[in-house]
Amino acid sequence: MTQTLVRGRLLSFVRRPQAIDDTASYRYEEDGGLLVEDGRIVAAGPYTTVRAEAAADAEEIDHRPHLILPGLIDTHLHFPQMQVIGSYAANLLEWLNTYTFPEECRFVESEHAARIARHFYDEMIRHGTTTAVAYCSVHKASADAYFAEALKRGMRMVGGKVMMDRNAPQGLLDTPQIGYDETRAVIAEWHGKGRNHVAITPRFAITSTPAQMEMTAALAREFPDLHIQTHLSENHDEIRFTGELYPDAIDYTDIYAKYGLLGPKSLFGHCIHLSEREADAMSEAGAVAVHCPTSNLFLGSGLFPLKALSRREKPVRIGVATDIGGGTSYSMLKTMDEAYKIQQLLGERLNPFESFYHMTLGNAEALSLSDHIGTLEAGTDADFVVLDAAATPAMALKMEVTRSLTDELFLLQTMGDDRAVRETYVAGKAMKAAL
Ligand SMILES: [Zn+2]
């Protein structure tokens, strides 16, 4: 088996940084080597050590002076919303009804779904994202297109056919039985094929009747290892409407809890306005709150208390994500730039090590996939990204006076986007150059 030896400055986290000077939370190699074989990292460390382990005929790729990090991970976005991004709307519910639902109706056509899937994966690679967790549309064809393209590119992707049976146009509704049957069919056809993971995906409580929620509960019982994704507590009008639809629930989170959807594989998009009781319930269940900063600012949804939720006595697990197309950028760098600003507005500091932890190992932990992705440890998938903090003239100028790794990471986060991604490796293969 041929080996590839990739040389550069390696940065990989081992746990969440407690403070800006918490150097034990990451491993950094100024002159590092990654040895890749058969889609996996087989050795990582100082270049000279790894060079000595490599086969004599190993192909060598030199990325110095750039940084090599684990591939970036996006834990919440909508694959059928690539042509919704940048739509002018006052708030969440108007944005859904005016732009998003009509656009998602088009995914009943397999050809359209396949075309957008190609663009979707091109953007992931262009932005250094090697794993993403996406909502497809209600149509099974959209999930087929999503997973077929992931398989073609060899990427580890999570996704699900959306279930929704009310409060949307006719073309976007299934029924409790159809939603159940088609989700089962998607699981049978795609879960575990290549690196695909299927997620149980009720859009949110507003668009699912109690009868459909019963069916999602049945799926969660039958397939306890699957991820579950939905939306929670994004916007005050949404929260009020949800309460009217489920008058017996104590609060929004309690609806999902009643149907057995609150667990360690559950990803809840937004969670901006949780009560203390809801945050406790999330924490006790090990459920994940997924922060989508560019979307929250764009739709005026609110300021997510990332730092406050993580330092509670009962901390809430946190993921970070773009939420395309409510979000405004495919870039996880831009995403954490906006996350930083939201914490600033809340009087909190989010240091650059925490930000890069969240984009990589943090999100892998949020997905319970850190044995495979989110690190450069030997034995994990060879998904990694090469970042250049001097990618644009303005960044290069600032790099002239940038002295530390901390400052370099912060510059990448503040000014970086797809131009700062020099290369994206998926299972050891350079993908960006091939776009
Ligand atoms: Zn969303």
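Leucine 303 sits in the loop between helix H10 (293–298) and helix H11 (306–310); helices (H or I, at least four residues) and strands (E, at least two) are DSSP runs, numbered from the N terminus. The model is predicted, so local features need pLDDT of at least 70 and side-chain atom pairs count only at pLDDT 80 or more, while totals for chains, interfaces and linings use all residues. Residues are numbered from 1 along each chain as its sequence is written, and side-chain values use heavy atoms, with hydrogens and water left out.

**Leucine 303 and its surface patch**

- Leucine 303 is partly exposed, with a relative accessible area of 33%; buried means under 20%, exposed over 50%, and partly exposed in between (1.4 Å probe, protein chains only).
- Together with Leu297, Leu345 and Leu346, Leu303 makes a nonpolar surface patch of about 340 Å².
- Patches are made of residues with over 30% relative accessible area and no salt bridge, like charges being joined within 9 Å and nonpolar side chains (Val, Leu, Ile, Met, Phe, Trp, Tyr) within 5 Å.

**The annotated domain**

- An unreviewed UniProt entry places the feature "domain: Amidohydrolase-related" at residues 68–430; such annotations may be inferred rather than shown by experiment.
- Over residues 68–430 the chain is 44% helix and 17% strand, and the end C-alpha atoms lie 13 Å apart.

- Of the 15 residues of H13, 14 are buried, so the helix is largely enclosed by the rest of the structure.
- At the start of H13, a side-chain oxygen of asparagine 351 comes to within 2.8 Å of the backbone nitrogen of phenylalanine 353.
- Serine 368, which follows H13, has a positive phi, near 55 degrees.
- Threonine 380 lies in the loop between H13 and strand E14 (384–387), and threonine 380 is buried, with a relative accessible area of 4%.
- The side chain of threonine 380 reaches the backbone oxygen of glutamate 377 at 2.7 Å.

**Salt bridges**

- Side chains of opposite charge can pair when their charged atoms come close.
- The whole structure holds 34 salt bridges, each being a side-chain nitrogen of Lys or Arg within 4 Å of a carboxyl oxygen of Asp or Glu.
- Aspartate 62 is partly exposed at 43% relative accessible area, and arginine 64 is partly exposed at 41%.
- Glutamate 123 pairs with arginine 126 in a salt bridge, the closest N and O atoms being 2.4 Å apart. Glutamate 123 and arginine 126 are separated by about one helical turn, because they are 3 residues apart in helix H3 (residues 110–126).
- Glutamate 123 counts as buried at 17% relative accessibility, whereas arginine 126 counts as partly exposed at 27%.
- In another salt bridge, the closest N and O atoms of lysine 258 and aspartate 254 are 2.7 Å apart. Both residues belong to helix H8 (residues 252–258), where they are 4 residues apart, about one turn of the helix.
- An α-helix has 3.6 residues a turn, so residues three or four places apart point the same way.
- Lysine 258 counts as exposed at 53% relative accessibility, whereas aspartate 254 counts as buried at 9%.
- A network of salt bridges links Asp122, Glu149, Lys152 and Arg153.

Definitions and conventions. Areas by Shrake-Rupley, 256 points an atom, 1.4 Å probe, with all protein chains shown as cover. Polar contact = N/O pair within 3.5 Å; in protein donor to acceptor, adjacent residues only side chain to side chain.
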